[in-house]
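Student: I would like to go through this model with some questions on its fold, its charged side chains and their surroundings.

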Amino acid sequence: MSTPNDTYGSSNNNNNFSLLSICSKVQLDGTNYNDWMRTMKMALRFEDKEYVLEKALDEIDETKAIPEEMDAYEKHYKDASKVACIMVATMTPKLQRHNKDYWLYDMNKDLMEKYHKRASQEKYEVVMSLIASKMNDGEFVSNHISRMQRYVDSLIKLNVNFDEDLAIDIVLNTLPSC
């Protein structure tokens, strides 16, 4: 009888699913943190390793630890080491040099502080520009609509999802009443 791991492979066997090949499709360059992290988390979730991003590896006293604690520690250590290697391997060379000696949990916190906040700030600024924008007197409608489209495209690139009707309503609101 086959098990799910027989069918789909498991991370312990050389299988059909390669975590590195999936993650390397999006290389972190600093401007694409959200896309990179989404890809990373999906691949890690598939491999049951997503927990290593959120949970620091607590040191244990090997002389006092029970076998279950040692097993959990060793699993977490191995998973975190593998994930750290994959994360660094999927970065630009400049980011690799900066992050190669970080432990996974610290690396993830550092990347989130640097790039996630930057993306949030950029989203805020684009949304504010879009909402505050009004068509100037004498401006061609086509030029104004092109500017609005660039704002919408920027938001889509920053993973802001809103439906087409809302985008149209926002753009129409920027036009003069005539």
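The questions and answers below concern a predicted model.

Student: Which pattern does the protein chain follow along the sequence?
Tutor: The protein chain has nine helices and zero strands. Read along the sequence, the pattern is therefore made of helices, by the DSSP runs used here. It is α-α-α-α-α-α-α-α-α.

Student: How many residues apart in sequence are the parts that Lys 49 and Asp 79 tie together?
Tutor: Lys 49 forms a salt bridge with Asp 79, with the closest N and O atoms 3.3 Å apart. Lys 49 sits in the loop between helix H3 (33–46) and H4, while Asp 79 is in helix H5, so the parts tied together are separated in sequence by 30 residues.

Student: Is Asp 79 buried or exposed?
Tutor: A residue counts as buried under 20% relative accessible area. Asp 79 has 5% relative accessibility, so the term that applies is buried.

Student: Which residues are linked with Asp 79 in a network of salt bridges?
Tutor: Asp 79 forms a salt bridge with Lys 75, the closest N and O atoms being 2.6 Å apart. Asp 79 and Lys 75 are four residues apart in helix H5, which means a separation of about one helical turn. Asp 79 also pairs with Lys 49. The residues linked with Asp 79 in the network are Lys 49 and Lys 75.

Student: What is the N to O distance in the salt bridge of Lys 114 and Asp 110?
Tutor: Both residues lie in helix H7, four residues apart, about one turn of the helix. Lys 114 is partly exposed at 31% relative accessibility, whereas Asp 110 is buried at 14%. Their side chains meet in a salt bridge with an N to O distance of 3.2 Å.

Student: With which side chain does the side chain of Arg 147 make a polar contact?
Tutor: Arg 147 is in helix H8 (residues 141–157). Its relative accessible area is 19%, so Arg 147 counts as buried. At 2.8 Å, its side chain makes a polar contact with that of Glu 139.

Student: What charge does the surface patch that includes Asp 58 have?
Tutor: Asp 58 is in the loop between helix H4 (51–54) and helix H5 (67–89). At 53% relative accessibility, Asp 58 counts as exposed. Asp 58 gathers on the surface with other residues, among them Glu 59, Asp 61 and Glu 62, in a patch whose charge is negative.

Definitions and conventions
Residues are numbered from 1 along each chain as its sequence is written. This is a predicted model: local features need pLDDT of at least 70, side-chain atom pairs count only at pLDDT 80 or more; totals for chains, interfaces and linings use all residues. Side-chain values use heavy atoms; hydrogens and water are left out. Patches are made of residues with over 30% relative accessible area and no salt bridge: like charges are joined within 9 Å, nonpolar side chains (Val, Leu, Ile, Met, Phe, Trp, Tyr) within 5 Å. Accessible areas come from the Shrake-Rupley method with a 1.4 Å probe; for residues, only the protein chains shown count as cover. A salt bridge is a side-chain nitrogen of Lys or Arg within 4 Å of a carboxyl oxygen of Asp or Glu. Lys and Arg count as positive and Asp and Glu as negative; His and the chain ends are not counted. The place of a charge is taken as NZ of Lys, CZ of Arg, CG of Asp or CD of Glu. Helices (H or I, at least four residues) and strands (E, at least two) are DSSP runs, numbered from the N terminus. Buried means under 20% relative accessible area, exposed over 50%, partly exposed in between (1.4 Å probe, protein chains only). A polar contact is a pair of N or O atoms within 3.5 Å; within protein, one must be able to donate a hydrogen and the other to accept it, and residues adjacent in sequence count only if both atoms are side-chain atoms.
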